[in-house]
Amino acid sequence: MEKSIETIESIRKVMGEDLAILGHHYQSDAVIAHTDIRGDSLELSRKISPLKAKYIVFCGVYFMAESAAILQRPDQKVFIPDTGASCPMADMAEAGRVETVLNLLGKSGRKIIPLTYVNSSAAVKGVVGRFGGSVCTSANAKTMLDWARKQGDAVLFLPDKHLARNTANYLGIPEEKRLILHEAVIDGDPNLYVDPAEAEDKELIIWPGYCPIHEEFTLDAIDNIRRTEPDAKIVVHPECDPSVVQAADGNGSTTFLIKYAEEAPAGSTIYIGTEENLVSRLAERFKNEKVIKPLKVSLCEDMGKITLENLAALLANIENETPVSVSDDVKEPARLALERMLEACA
Ligand code: 13P
Ligand code: SF4
């Protein structure tokens, strides 16, 4: 560990402004200590192209590094210390299937606008871009779902069903105007998640993906705290089930959760329903002023795949490492999808 820290810090010193290390809030404290920029998915995507650095190292999961590679300038290269750090939710939407579903839904003659959560592959963002859609993050899902509704007759939101339903609740889209896709046998193919007839009168069609880490937070856990510690506050990420989000005192992106902890009065107790690395960092930061606890300890193993050791190994050999690359046929439409979001939320 000591050796890795020495390697990372000496390379950062030598490379100076040529190197930028970005880290998502769910990274471990050990990794976060060596990052230049920390943020939620939206903040990190916004910060990529204005960076002076030619070498960008992304400490997070693969879709985040891919988004960086889509938005990078031609003179920049993006790396991730472990290309196997995937997001299980992003893996629940495969690009070919998304395209098939969009084609099936489009057969009714209605204009279906896809809106993908940033937690999706570059290939999915490419399909979404080609179908006139865009991207959202947990920080701007309300603005972007509102945007998408104005572009066509209905929206296909993917892959996170919980973020979709929480956002729809906020915007007042009635339950009867929503459809959560499910397995169906269509034209002999058992793998499709859509029956176009069912979707005909719907405004919001929802992909059935979810985050296994945020599914761990339950209404029972909240009820228990309300009974035993009625003064405690509870805030959660909108990837949690709607029952959990509705019972909480607030919900929002990782940046929202951090701000909530920062602004809570001294002496208060706050339970946070999100990934453990962020919760324990906040608990440590405010340990002399307020009590911050996890709603339940839930760790994202994939975020944990980035370690000091693989960060040091990458930096030590960065000239010979393979950067994250996205093929041009995917990159252009995916960039369009991302830029539509950045413009709508400027
Ligand atoms: P944020 O955009 O809120 O940081 O969330 C990203 C993520 O992966 C949550 O699981
Ligand atoms: Fe994906 Fe959930 Fe991990 Fe976020 S916490 S990267 S959504 S699996």
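This is a predicted model: local features need pLDDT of at least 70, side-chain atom pairs count only at pLDDT 80 or more; totals for chains, interfaces and linings use all residues.

Q: Which residue of β13 is opposite Val 236?
A: Asn 251 stands opposite Val 236.

Q: How many bridges join β12 to β14, and how many pair β12 with β13?
A: Four bridges join β12 (residues 233–236) to β14 (residues 269–273), and these strands run parallel. Two bridges pair β12 with β13 (residues 250–251), also in the parallel sense.

Q: What's the strand order in the sheet?
A: The order is β13-β12-β14-β15, in an open sheet of four strands with parallel pairing.

Q: Which strands stand at the edges?
A: β13 and β15 (291–294) do. Each has a single partner strand, so one side of each has no neighbour in the sheet.

Q: Which helix sits between β12 and β13 in the β-α-β unit, and what's the hand?
A: Helix α11 (residues 242–247), and the unit is right-handed.

Q: What lies across β14 and β15?
A: Helix α13 (residues 276–285). α13 runs at about 165 degrees to β15.

Q: Switching to α7 and α8. At what angle do their axes cross?
A: Roughly 75 degrees. The axes of α7 (residues 141–151) and α8 (residues 161–171) come within 10 Å.

Q: Which residues make the contact?
A: From α7, Ala 141, Lys 142, Leu 145 and Asp 146. From α8, Leu 163, Thr 167, Tyr 170 and Leu 171. By class, the contact has five nonpolar, one polar and two charged residues.

Q: OK, ligands. What's around ligand 1?
A: His 25, Asp 40, Ser 41, Asn 119, Thr 137, Ser 138, Cys 211, Glu 239, Ser 253 and Thr 254.

Q: How does that shell around ligand 1 split by class?
A: One nonpolar, seven polar and two charged residues.

Q: And which residues are around ligand 2?
A: The residues there are Val 61, Cys 87, Pro 88, Met 89, Asn 119, Cys 211, Ile 213, Glu 239, Glu 275, Cys 300, Asp 302 and Met 303.

Q: Which residues turn up around both ligands?
A: Asn 119, Cys 211 and Glu 239 are listed around ligand 1 and around ligand 2.

Technical notes
Residues are numbered from 1 along each chain as its sequence is written. Chains are lettered from A and ligands numbered from 1 in the order in which they are written. A residue is near a molecule or strand if its C-beta atom, placed from the backbone, lies within 6 Å of it. Two strands pair if DSSP finds at least two bridges between them. A crossover is right-handed if, with the strands pointing away from the viewer, the path from the first strand over the helix to the second runs clockwise. Axes are lines fitted to C-alpha atoms, for helices over the stretch in contact, and angles run from 0 to 180 degrees between N-to-C directions. Two residues are in contact if their C-beta atoms, placed from the backbone, lie within 7 Å. Ala, Val, Leu, Ile, Met, Phe, Trp, Tyr, Cys and Pro count as nonpolar, Asp, Glu, Lys and Arg as charged, and the others, Gly among them, as polar.
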